[in-house]
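Reader: I am new to this structure and would like to understand the words used to describe it. Could you take me through them one by one, setting each value against its definition?

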Amino acid sequence: MPVRPSGPAVVIVGRPNVGKSTLFNRITGARRSIVAPVAGTTRDVVEAAASWRRRTFRLVDTGGLFGATSDPLHELVAARGLKAVRTADVIIFVVDGREGLVPADEEIARRLRVQGVPVVVGVNKTDDRRARGQVPEFHRLGFEPVIEIAAEHGDGVADLLDEVVLRLPTAAAAPAVEEDEPRSASADADPEVAVAVVGRPNVGKSSLVNRLLREERLLVSEMPGTTRDSIDVLLRWHKKSFRIVDTAGMRKPGRVGWGRSGSVEAVSVVLARRAMARADVVVLVVDATAGAGDREGAIAGEAEQAGCGIVIAVNKWDLVKGRGQAFVEDFDDRLRFQLKFLDYAPLVHLSALTGERTGRLLETVDRVAEARRRRVSTAEFNRFLEAAVAANAPVSKGRRNVRILYGAQTGTAPPAFVLFTNVATALHFSYERYLVNRLRATFGFEGTPIRLTVRSRRRAQGASPR
């Protein structure tokens, strides 16, 4: 089940494009929400842990509730924002000082009054002299205090947070965490696995994450590009912790525009790439009705280069599974051919809609994450090398006679090995591939890249394996 950040909830609300995400990023000290001059940029509810004056709390950024926006999903976004409001212990109501009080602000105020929780009004953009002159009219909303802020520069944010922590519950109990089985002391010792769910737009990434979480945590629509921010949620499953990050769909660079809406998509793709770079395991989602193409290959190539473990999740399998075994074999063969450099990545057919085999996906991710951290002792590795060389003698790039003297594992996540030879600083690519394949088969390095470095003992100048 999903695990929320601990502490009381402070929810930021307001009209589209008043600076909610800028304030969220300012308070959390990290760029978690996308900021752009486009009304309706934020769609999903974004959460992060925050603290002020030794008080910790869960900060929640929401999409714009009411007001002018061209976002076709605005009605869904507003509904999710109002749902988040119902979980709030304190609400930060952000208004735009430059525009002054508008009817949409008054509509939001009416919705907030019925919640019965403290509301702090932040009049944003008051670094503009005209905005400061309009601050008094926001007292008509009926909330106190009203604080002048400039979220972009940080002006007044400390005063705003002082008022927020004064209104936090004095002894908020930690929320109960539902799990599919009782926790044990060893559960806390297991490392948290970072999982980035990536793929082209509209292949079902958010639907898959919602199914894994067993709740409608992420906004889902048939419109490509629904997800913009990279949303991460902690999931506890069978005493394992997975931090699952849903990312924006990654289109070809030439198809991502740089207009007002295009810039939002471009930033979304950058955040998706950052999520991949931080991930332990990447789940590459492929649409079963469309198969893989060059874009999937490019995304997977970035994940492999970053050293991530990789699992291929073929979604929407419920739409094609009735076509017979011949179809399944042909589909998998074509997929493997298109992504031939990922022959080591396990393949899971599943359906986010029905939930079929989603549990198997988590099992596979767990195995790949474990394999990525696996360490082989120097003695074991050298016994492996002896057997591999006896079965197939090595050659160098220049076809020179080469002997592998010894080797050692130098790193994990991903597994990295160094080989010391008599003359070669590089082996023939086919022989390196042979060694990597035998390493996988011998030590179970499922779904993870393996880095292999070759050094001449003479050039190593007496270096010994670490």
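Author: What follows is a conversation about terms and the values behind them.

Author: This is a predicted model, in which local features need pLDDT of at least 70 and side-chain atom pairs count only at pLDDT 80 or more, while totals for chains, interfaces and linings use all residues. Residues are numbered from 1 along each chain as its sequence is written, and side-chain values use heavy atoms, with hydrogens and water left out.

Reader: How many helices and strands are there in the protein, and what makes a run count as one?

Author: The protein has 12 helices and 16 strands. Both are DSSP runs numbered from the N terminus, a helix (H or I) having at least four residues and a strand (E) at least two.

Reader: Why is Arg15 called buried, and what is Glu99 called?

Author: Buried means under 20% relative accessible area, exposed means over 50%, and partly exposed lies in between (1.4 Å probe, protein chains only). Arg15 has a relative accessible area of 7%, so Arg15 is buried, whereas Glu99, at 48%, counts as partly exposed. Of the 466 residues of the protein, 52% count as buried.

Reader: How do you know that Glu99 forms a salt bridge with Arg15?

Author: A salt bridge is a side-chain nitrogen of Lys or Arg within 4 Å of a carboxyl oxygen of Asp or Glu. In the pair of Glu99 and Arg15 the closest N and O atoms are 3.2 Å apart, and the pair therefore qualifies. The two residues are 84 apart and link distant parts of the chain, with Glu99 in the loop between strand 5 (90–96) and helix 3 (103–113) and Arg15 in the loop between strand 2 (9–14) and helix 1 (20–28).

Reader: Which other pairs meet in a salt bridge, and where do their residues lie?

Author: The side chains of Glu47 and Arg58 meet in one, at 3.4 Å from N to O. Glu47 belongs to strand 3 (residues 46–52) and Arg58 to strand 4 (residues 55–61), 11 residues apart. Glu47 is buried because its relative accessible area is 11%, and Arg58 counts as buried at 12%. Another is formed by Lys316 with Asp287, whose closest N and O atoms are 3.0 Å apart. Here Lys316 is in the loop between strand 12 (309–315) and helix 9 (325–338), and Asp287 is in strand 11 (residues 281–287). Lys316 is partly exposed, with a relative accessible area of 22%, but Asp287, with 9%, is buried. A search of the whole structure finds 22 salt bridges.

Reader: What is the largest nonpolar core, and what makes a set of residues a core?

Author: A nonpolar core is a set of buried Ala, Val, Leu, Ile, Met, Phe, Trp, Tyr and Cys residues joined through side-chain atoms within 4.5 Å. The largest one has 51 residues, and those with the most contacts inside it are Leu23, Ile92, Phe242 and Leu361. Apart from it lies another core, of 27 residues, among them Ala275, Val282, Val314 and Leu335.
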